[in-house]
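I opened this model today to look up a few local features, and I am keeping the entries in the order in which I checked them.

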Amino acid sequence: MAAGPVAPGAVLRHELEALHKQWWCFLLLGILLIVFGTVCIVDPLIGSIASVLFLGFVLLAGGITQIISSVWAGKWSGMLLHLLMGLLYIIVGYMIIDRPGISMAVVTTFIVVFLIVAGLFRIVSSLVIRFHGWGWVLLNGLITLILGLIIQRQMPEASLWVIGLFVGIELIFNGWAWVMLSFGLRRVGSAT
């Protein structure tokens, strides 16, 4: 016999009750992210090197996994492409791990190009289209463009701190989001 439809509120309540029991895990995760973020901001060189090395190891692991899975799957039309992509991941991952200083400069250059292009795009689109709230987008574009130009003027030294600083800021904001979620889950559980 099939059960009737379940009310969305009941599903949400059930999920919140399950998460309530583990609220402290979310709190611990948030605190760890805040601590790591603070370390990255206090010493951005450590954060930059750690981030670039992490990227290298992820690419290395992804390449190994892709090669193994393509060989494991056997003969198929995409096998050669997946083998070559896996090999490319391994080579790039190894290059990043082998030369983290150069890798930091390359990643920082990508960040600079992104900031400048995104800033210009926001400025032009806000001035041409003039949509609701276009002034805020214009301000955002100006700040993004100026940030990109400031970092570009400080290259190559900026590659020692930009990645670590940006990662640190992201980790702190993400950590506070998890901390707030944990407090919300704790309150929800006590209210039920």
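**Entry 1**

I began with Arg-130, which comes out as partly exposed because its relative accessibility is 49%. I note here that I am working from a predicted model. I placed Arg-130 in the loop between helix H5 (100-129) and H6, and I found that its phi is positive, about 55°, although Arg-130 is not a glycine. I wrote this down since most residues other than glycine have a negative phi.

**Entry 1: a cis peptide bond**

I then turned to the peptide bond that joins Met-155 and Pro-156, which is cis, with omega about 5°. Pro-156 sits in the loop between helix H6 (134-153) and helix H7 (162-191). I kept this entry beside the previous one, as most peptide bonds are trans.

Is Val-112 buried or exposed? I find Val-112 in helix H5, and it counts as buried because its relative accessibility is 5%, and the cut-off for buried is under 20%. Setting aside the neighbours within four places in sequence, I listed Gly-148, Ile-151 and Gln-152 as the residues in contact with Val-112. I also looked up the pair Val-112 and Arg-153, which are 41 residues apart in sequence, while their C-alpha atoms are 9.9 Å apart in space.

**Entry 2: the two faces of H2**

Helix H2 (residues 23-42) has 20 residues, and from its first C-alpha to its last it reaches 29 Å, close to the 28 Å expected at 1.5 Å a residue. Which residues of H2 are buried? I noted Phe-26, Leu-27, Gly-30, Leu-33, Ile-34, Gly-37 and Cys-40. These lie on the same side of H2, because they cover an arc of only 150° around the axis. In an α-helix there are 3.6 residues a turn, so residues three or four places apart point the same way. On the face of H2 turned away from the buried side, I noted the exposed residues Phe-36 and Val-42.

**Entry 3: how H3 passes H4**

Two packed helices are described by the angle between their axes and the distance between the axes, and I looked up both values for the last pair. The axes of helix H3 (residues 44-73) and helix H4 (residues 79-98) come within 7 Å and cross at roughly 155°. H3 is therefore roughly antiparallel to H4, as angles over 145 degrees count that way.

Terms used
Residues are numbered from 1 along each chain as its sequence is written. This is a predicted model: local features need pLDDT of at least 70, side-chain atom pairs count only at pLDDT 80 or more; totals for chains, interfaces and linings use all residues. Side-chain values use heavy atoms; hydrogens and water are left out. Helices (H or I, at least four residues) and strands (E, at least two) are DSSP runs, numbered from the N terminus. Buried means under 20% relative accessible area, exposed over 50%, partly exposed in between (1.4 Å probe, protein chains only). Contact means heavy atoms within 4.5 Å. The expected span of a helix is 1.5 Å times one less than its number of residues. The arc is that of the directions from the helix axis to the C-beta atoms. Axes are lines fitted to C-alpha atoms, for helices over the stretch in contact, and angles run from 0 to 180 degrees between N-to-C directions. Angles under 35 degrees count as roughly parallel, over 145 as roughly antiparallel, 65 to 115 as roughly perpendicular and the rest as oblique.
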